[in-house]
Amino acid sequence: MLPTLGGRIQTRLVLLAVIGGLVTLIIGPVLPGSAPLSVVYRNNFLILIAVAVLGIGWECLYHFVMQWRWEKDWPTFFGLTTLVPEGLLVWLLLRGGDIPGIRGTVPPDAFCVDFLAVWLSVWLVANGPMRVPFIRWRFHGGRLV
Amino acid sequence: MLTDMPTGQAGPEEPQTQPATIQRRRPDAGQVVPGPPAAAAAQMPDVAGDLTDELIRSDQWTDAMLQAAGIPVIDKPLVTIGGGIGSFVTVDYLRIAGVSTDRIAVLTNLDYPWQTYEYLTRVSQIPRPERIRSDSASRPDNIWGFPSYAVAEAISDRSFVPLWHVLIEPMWADFYTPKAGQVFAGLERESKRIGFTSMLVKGQVRMVRKRQGGGYFVILTPMLGSGPTKRVAYRAEFVHLAVGYPGLKYLPELQEFRTAHHDFHHVVSAYEEHEHIYETARTKHIVVMLRGGGIVASRVLQRLMDDRAKYGLSTEIVHLFRTYIAGAHGPNAWNRRKGGNGFAYQGFNYPKSVWGGQLKAEMRTLEGDQRAAKYKLMGGTNTPWRRRWQAQMNEGRQAGWYRTMTGTVDQMRLDGGKIVSVVRTSAGIVEVAADFVIDCTGLEADIAEHRVLADLLEHSGVGRNPLGRLDVERTFELRGTASGPGVVYASGATTLGGYFPGVDTFLGLQVAAQEIADDLARRGFCRRIGTLRSVQQWLRWARNRQP
């Protein structure tokens, strides 16, 4: 991917909202745990919002790191593996009770499955299918507007 | 000489007497307006329908001037000149935007869009099974770049290897690049899908001139015997120029040697057929001198080294660099390009982000000297760092059959059947004897070497950009060439130096095509491709249905 800072943030927010939202909706009923579905959805959507909000900061950091790359590109592998630090941070915040509005406890296995499913879906869409509906997106550094 | 008005009968009142410019949806598109009136017969040249002195002199033409010269006029709202991949990609965008084939003419001397490209890649040692230097998503046959070449190859070969490759590039694998044959097959499929050949008109374009009242005339010299007149004029509101490289330029000392000795056999350009060198190497020991440090030098080097290993040859290679790159280089830690052993290393012609990311956005804001300086920083001669090439060159260096030198050649002479180059190095003059010299510098001729561009520079009002090529707007409109509502666009190598650097690449041609299609949509020529249409059209592409 060849992002600009604005493009990174726009792409993240839109893809998390659309693809992340869809995956969260679909995967909710099959996640491990005993909480009612309404609580699962509530918690998972709050986590999704946390990933999006924290992501703005992460994208600024990635943009800074990218400045050391001659090509000013962001290899596909980077887009995949950044799930590790981002997932860990969200999990730590979750454990510390720092994500507002969470009800009860989110089981670690449910968090992992949900986070991975959302991340992989967003990453896959960003690396190909996104170019079909948004034909100018790849030439505009990932900006949609 | 530049004139604002045509000489002769056309006067200042002429625009009022002209019909409206080319209509946007002219119902008779393609209709030929034949023959001169009897009264004009006296002004006609000896050959029927040829250019008159008045036409050649005038910056602007009237319909009457063409009629007087006996040149038939064909109306086409949009004409693209060149017919190579630049024309193809632009026409592909327009067809997908909904423009019908009868509103476009492709004026060309090529039979199919990839003809020149395939010739150049083949002679510069990239036959169909080899991989070109292009990104996985740079698909000139697919405006979306999806599925990418890597995905398509994975599907056709039923293999995960190409997908793994794009996942780990460029850290743990060289950049994925498609095979030339895969690119040509895709172009052939898309060409048929959009009806490219139905828009094709064979011939040699002679000039583009403004039309009084708006639009342009494009003069075509058709194939011999294909029509009753020597020239045909296309009357168009929009003209697109994609004529490719203006020509090849040789290093002066090579040109002098070739001319003085009439020797085009031992001193060749890598862009010419030079298979005889590889064939000779298989029959006897030879020394080959290479000039240049770009991708073509790497390819020729690979072929020589491959043949050496494959056939057990004893070929020696002397590689002469004008500028030797010893290591990473650049003004600061944020702008440092890899280099070593003489080469500047870069995956593609420019840093990747010029095609869509940070550098593309930055370049759009730069003017004049600032833009030229940025081009200098990220351009220059460079080649990819590829594991296979590195291993081969290391082996050659250790065994002594691959040597590098840095310097310039003062003189070349024949001595005992060898070509002796007198090389000026930092350590003094050194004479190098070789059986063959291959020029891989890929120097390009000035744009004025191209007849159509030279005429345009003289008569249209177009200027040159900071690198001396055609000056285009961000929309790829040629500055200074507007004619009423008419616009001339240009894409490809002739526009290098503009707001977008990667013009002479597959993805660069698509960037230009998108800008041109969007600008044409703003001017009412076609629809802008929105989200819904894009998805619908992609589905048609996937099913190989016409746009």
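Into which domains is chain B divided? Here are a few friendly notes on this predicted model.

1. Domain layout. Chain B is split into domain 1 (24-126 + 191-247 + 445-541), domain 2 (133-178), domain 3 (250-326 + 382-443) and domain 4 (348-378).

2. Overall build of chain B. You will find 17 helices and 22 strands in chain B. Its radius of gyration is 25 Å, close to the 24 Å given by the globule rule for 547 residues, so chain B is as compact as a globular protein of that length. The C-alpha trace of chain B spans about 80 × 55 × 45 Å along its principal axes.

3. Packing. Of the 547 residues in chain B, 47% are buried. Among contacts in chain B with a separation of 6 or more, 70% are between residues 24 or more positions apart.

4. A sheet to look at. Three strands of chain B form an open sheet in the order E17-E18-E19, with antiparallel pairing. Strands E17 (408-415) and E19 (428-434) of chain B stand at the edges with a single partner strand each, so one side of each has no neighbour in the sheet. On average, neighbouring strands here are turned by 20° against each other, direction ignored. Seven bridges join E18 (residues 418-425) of chain B to the antiparallel E19(B), and Val420(B) stands opposite Ala433(B) in E19(B).

5. The A-B interface. Here 24 residues of chain A are in contact with 35 residues of chain B. The side of chain A that touches chain B has twelve nonpolar, six polar and six charged residues.

Key
Residues numbered from 1 in each chain as written. Chains lettered and ligands numbered in written order. Predicted model: local features only at pLDDT ≥ 70, side-chain atom pairs only at ≥ 80, totals over all residues. Contact = placed C-beta atoms within 7 Å. Nonpolar A, V, L, I, M, F, W, Y, C, P; charged D, E, K, R; others polar. Pairing = 2+ DSSP bridges. Helix = DSSP H or I, 4+ residues; strand = E, 2+ residues; numbered from the N terminus. Axes fitted to C-alpha atoms, helices over the stretch in contact; angles between N-to-C directions. Domains from an automatic or database assignment. Rg over C-alpha atoms; globule rule 2.2 N^0.38 Å. Buried ≥ 20, exposed ≤ 12 C-beta atoms within 10 Å, placed from the backbone.
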